[in-house]
Amino acid sequence: MKICILETDTTGPAFEPVHGSYADMFSRWLAPVLPEARFTRVFIAEGETVPEDLTAFDAFLVTGSRARVYEDRPWIAPLIAGLQRIAAARVPLAGVCFGHQVMAHAFGGEVRKSPDGWVAGRHDHDLTATGAAVFGPGALPALSIHQDQVMVPPPRAERLFSTAASPNGGFLYTDFPAISSQAHPEVTLDFLRALITPPDGVRLAEDLHAEAMASLAGPLDQQRIARGFARVLRGEEIARG
């Protein structure tokens, strides 16, 4: 199985030597549940594009990014066109954080900066019936760090899970095999701690930083999310809720 990771950012010189690239993180996260997978990376943020020959890959995955989908960056419009080609060809697709947002934007949703500002830390996500069909029952604990959100879901998507701060937290698409998550199941606790700690990380308000750090003591279930993603990336049929 060949999975093409569409990298839309770097983790940066302060983090990559310790934590690796975004493609490294996704490969490590998915490898236990997709042992048959071989990963290729395409660096979208430096001008590479979605491969013309989509048949060379069994699935695609879009990473997180510090970019915003509504910014005028030269690589965003070609990425959106590439995602639309992937959907038209019905090749399995997944996205996380920016990947979740750019998929929603490409397929008719609306992404904006949240009026409530940063969401950071560990949160329990409430599953819809469709979410339970993908991941199994029970709240889904996952890590988040973002300001932008999908405010209007795309018409071809079913909501998978949500929190009060992120109502459109995950989608399963209805007309081709695709899944996305605003939360970051691929990142480690150590990486998130670094991301919200100055001087290299995001400078959050003092109370939000303290709340986010305290939340990291709770449990996570990254592999449960990985198993759900793996089902979609393999193109499995999912009984919807």
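1. Core definition. A nonpolar core is a set of buried Ala, Val, Leu, Ile, Met, Phe, Trp, Tyr and Cys residues joined through side-chain atoms within 4.5 Å. Buried means under 20% relative accessible area, exposed means over 50%, and partly exposed lies in between (1.4 Å probe, protein chains only).

2. Basis. This is a predicted model: local features need pLDDT of at least 70, side-chain atom pairs count only at pLDDT 80 or more, and totals for chains, interfaces and linings use all residues. Residues are numbered from 1 along each chain as its sequence is written, and side-chain values use heavy atoms, with hydrogens and water left out.

3. Main core. The largest nonpolar core has 33 residues. Leu6, Phe60, Leu79, Leu83, Leu93, Phe107 and Tyr173 touch the most other members. S1, S3, H3, helix H4 (98-106) and S10 each supply at least two residues of this core. H3 gives the most, with six residues. Helices (H or I, at least four residues) and strands (E, at least two) are DSSP runs, numbered from the N terminus. In soluble globular proteins, nonpolar side chains tend to be buried together.

4. Contact means heavy atoms within 4.5 Å. Leaving aside neighbours within four places in sequence, Leu6 is in contact with Val42, Ile44, Val50, Phe60, Leu61, Val62, Thr63, Leu79 and Leu83. Apart from the core described above lies another, of 30 residues. Its members include Ala37, Ala183, Ile225 and Ala226.

5. Sheet. An open sheet of nine strands runs in the order S2-S1-S3-S4-S11-S10-S9-S6-S7. Its pairing is mixed. Two strands pair if DSSP finds at least two bridges between them. S2 and strand S7 (140-146) are the edge strands, and each pairs on one side only. From one strand to the next, the twist averages 25°.

6. Inside the sheet. Strand S10 (residues 170-173) pairs with strand S11 (residues 178-181) over three bridges, in the antiparallel sense. Phe171 has Ser180, in S11, as its bridge partner.

7. Helix on sheet. Helix H3 (residues 76-89) lies across strand S1 (2-7), strand S3 (59-62) and strand S4 (93-96). H3 runs at about 150° to S3. Axes are lines fitted to C-alpha atoms, for helices over the stretch in contact, and angles run from 0 to 180 degrees between N-to-C directions.

8. Helix H2. Seven of the nine residues of H2 (residues 22-30) are buried, so this helix is largely enclosed by the rest of the structure. The buried residues are Tyr22, Ala23, Met25, Phe26, Ser27, Trp29 and Leu30. Asp24 is partly exposed, with a relative accessible area of 24%.

9. Salt bridges. A salt bridge is a side-chain nitrogen of Lys or Arg within 4 Å of a carboxyl oxygen of Asp or Glu. The structure holds eleven. One of them joins the side chains of Asp24 and Arg41, at 2.8 Å from N to O. Asp24 lies in helix H2 and Arg41 in strand S2 (residues 38-43), so the pair ties together parts that are 17 residues apart in sequence. Arg41 is partly exposed, at 42%.

10. Further salt bridges. Glu36 and Arg234 also meet through their side chains, at 2.8 Å from N to O. Glu36 sits in the loop between H2 and S2 and Arg234 in the segment after helix H8 (222-233), so this pair ties together parts that are 198 residues apart in sequence. Glu36 is partly exposed at 33% relative accessibility, as is Arg234 at 35%. Arg122 bridges to Asp124, with the closest N and O atoms 2.9 Å apart. Arg122 is buried at 14%, whereas Asp124 is partly exposed at 40%.

11. Aromatic pairs. Rings of Phe, Tyr and Trp (its six-membered ring) pair if their centres lie within 6.5 Å; planes under 30 degrees apart count as stacked, over 60 as edge-to-face and the rest as tilted. A search of the whole structure finds ten pairs. The Phe135 and Phe161 rings have centres 5.9 Å apart and planes at 55°, so that pair is tilted. Phe135 is in helix H5 (residues 129-135) and Phe161 in strand S9 (residues 157-162), 26 residues apart. Both are buried.

12. Phe171 is buried at 1% relative accessibility, and Tyr173 at 0%. Ring pairs link Phe107, Phe171, Tyr173 and Phe176 into a cluster.
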